[in-house]
Amino acid sequence: MIRKIAVVAGAFALCFITGPVHAVDGFSVEAGRGNDRANVLRIAAQWRWRKERPVDERWRLLGYWEASAGAWESAHDSSADFALTPVFRFERYGRQRVPYLEAAIGFHILSRHISRERQFSTNFQFGDHIGAGIRSGKYDFGLRFQHLSNGGIRRPNPGINFLLLRFQYHFD
C-alpha cells in the first residue's frame with residue numbers, strides 16, 4: 001500500500017507544478033477505516049471561496065473546494081481514489097480554537113472495486129461527508145463520516161462508509 005500511496009501522492013503533486021501554487025489555501029491528510037476493513041489514506045489541497053455569509057454575530061457560513069488523491073486497501077484488494085468536492089463549513093468566529101461543522105457532496109473516480117464482497121459497477125462515485133472539528137490558528141483537526149456510492153446509476157451499488165481522522169494546515 002505504501003508504494004501505491006507514493007504513486008498517488010506523486011501524481012497529485014504534479015498538479016501543483018503546472019499551476020500557481022499561491023492559489024492553494026490549505027493542505028490536508030486524512031486516514032480512516034471503512035466497511036470490509038478497508039483502510040484509506042488521502043492527501044488533499046483546498047481553495048477557499050472568497051465569499052462568506054454571516055449567520056449571526058458568532059457564526060458564519062463559508063466554503064472551499066477540495067481536490068484529493070488517496071488509496072484504499074482491504075485484505076483482498078486496493079484502489080486509487082481521486083476526488084473533487086465543494087465543502088460547506090459552518091464555523092464560529094474567533095482567533096483561537098474555532099469549532100466547525102461541515103458537509104459536502106463531491107465526485108470521486110476509483111481505479112477499481114475494493115473487495116470481492118463489495119463490487120462497484122462504476123468507477124464514478126458520489127462522495128458525501130459530514131464532519132466536525134476545531135481550527136486553531138493555521139491548524140485544523142477534524143473527524144469525518146463519509147459515504148461513497150454511484151447514486152443508483154448502475155447496479156450493483158453497494159456503497160462504502162468511512163470514518164476519517166483529518167489534519168489540515170492553512171497557508172493563510
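Arg-97 is exposed, since its relative accessible area is 63% (exposed means over 50%, buried under 20%, and partly exposed in between, with a 1.4 Å probe and protein chains only). Arg-97 sits in the loop between strand 5 (78–92) and strand 6, and its phi is near 45°, a positive value in a residue other than glycine. Helices (H or I, at least four residues) and strands (E, at least two) are DSSP runs, numbered from the N terminus.

A quick word on the ground rules. This is a predicted model, where local features need pLDDT of at least 70, side-chain atom pairs count only at pLDDT 80 or more, and totals for chains, interfaces and linings use all residues. Residues are numbered from 1 along each chain as its sequence is written, and side-chain values use heavy atoms, with hydrogens and water left out.

**Confidence**

The chain averages a pLDDT of 86, and 84% of the residues score at least 70; pLDDT is the predictor's confidence in each residue, from 0 to 100. Where pLDDT is low, the predicted coordinates should not be read in detail.

**Overall layout**

The chain has one helix and nine strands, running α-β-β-β-β-β-β-β-β-β from the N terminus. Of its 172 residues, 43% are buried. Residues 24 or more positions apart account for 58% of the contacts with a separation of 6 or more. The chain exposes about 9700 Å², with carbon and sulfur atoms supplying 63% of that; accessible areas come from the Shrake-Rupley method with a 1.4 Å probe, and for residues only the protein chains shown count as cover.

**Strand 1 and its partners**

Strand 1 pairs antiparallel with strand 2 (38–48) over nine bridges, and also antiparallel with strand 9 over nine bridges. Two strands count as paired if DSSP finds at least two bridges between them. Ala-31 stands opposite Leu-41 in strand 2 and opposite Leu-165 in strand 9. The hairpin of strands 1 and 2 has three residues between the strands, and Asp-36 there takes a positive phi near 55°. Arg-37, in the loop between these strands, has a positive phi of about 55° although it is not a glycine; at 64% relative accessibility, Arg-37 is exposed.

**Strand 6 and its partners**

Nine bridges join strand 5 to strand 6 in the antiparallel sense, and Val-87 has Ala-104 as its bridge partner in strand 6. The two strands form a hairpin with five residues between them, where Gly-94 in the turn has a positive phi of about 150°. On the other pairing, strand 6 and strand 7 (residues 124–136) run antiparallel over 12 bridges, with Phe-107 opposite Phe-126.

In a regular strand the side chains alternate between the two faces of the sheet. The covered face of strand 6 includes Tyr-100, Glu-102 and Ala-104, and the uncovered one includes Leu-101, Ala-103 and Phe-107. Leu-101 is partly exposed, at 48% relative accessibility. Together with Val-55, Leu-61, Phe-88 and Phe-90, Leu-101 makes a nonpolar surface patch of about 430 Å². Patches are made of residues with over 30% relative accessible area and no salt bridge: like charges are joined within 9 Å, nonpolar side chains (Val, Leu, Ile, Met, Phe, Trp, Tyr) within 5 Å.

**Salt bridges**

The structure holds 15 salt bridges, each being a side-chain nitrogen of Lys or Arg within 4 Å of a carboxyl oxygen of Asp or Glu. Here are some of them:

| Pair | N to O distance |
|---|---|
| Arg-144 and Glu-30 | 3.3 Å |
| Asp-172 and Arg-48 | 2.7 Å |
| Glu-102 and Arg-89 | 3.1 Å |

Arg-144 lies in strand 8 and Glu-30 in strand 1, so this pair ties together parts 114 residues apart in sequence. Arg-144 is buried at 3% relative accessibility, and Glu-30 is buried at 5%. Asp-172 follows strand 9 and Arg-48 is in strand 2, so their bridge links parts 124 residues apart. Asp-172 is partly exposed at 45%, as is Arg-48 at 34%. Glu-102 is buried at 5% and Arg-89 at 2%. A network of salt bridges includes Glu-30, Arg-89, Glu-102 and Arg-144.

Technical notes. Contact means heavy atoms within 4.5 Å.
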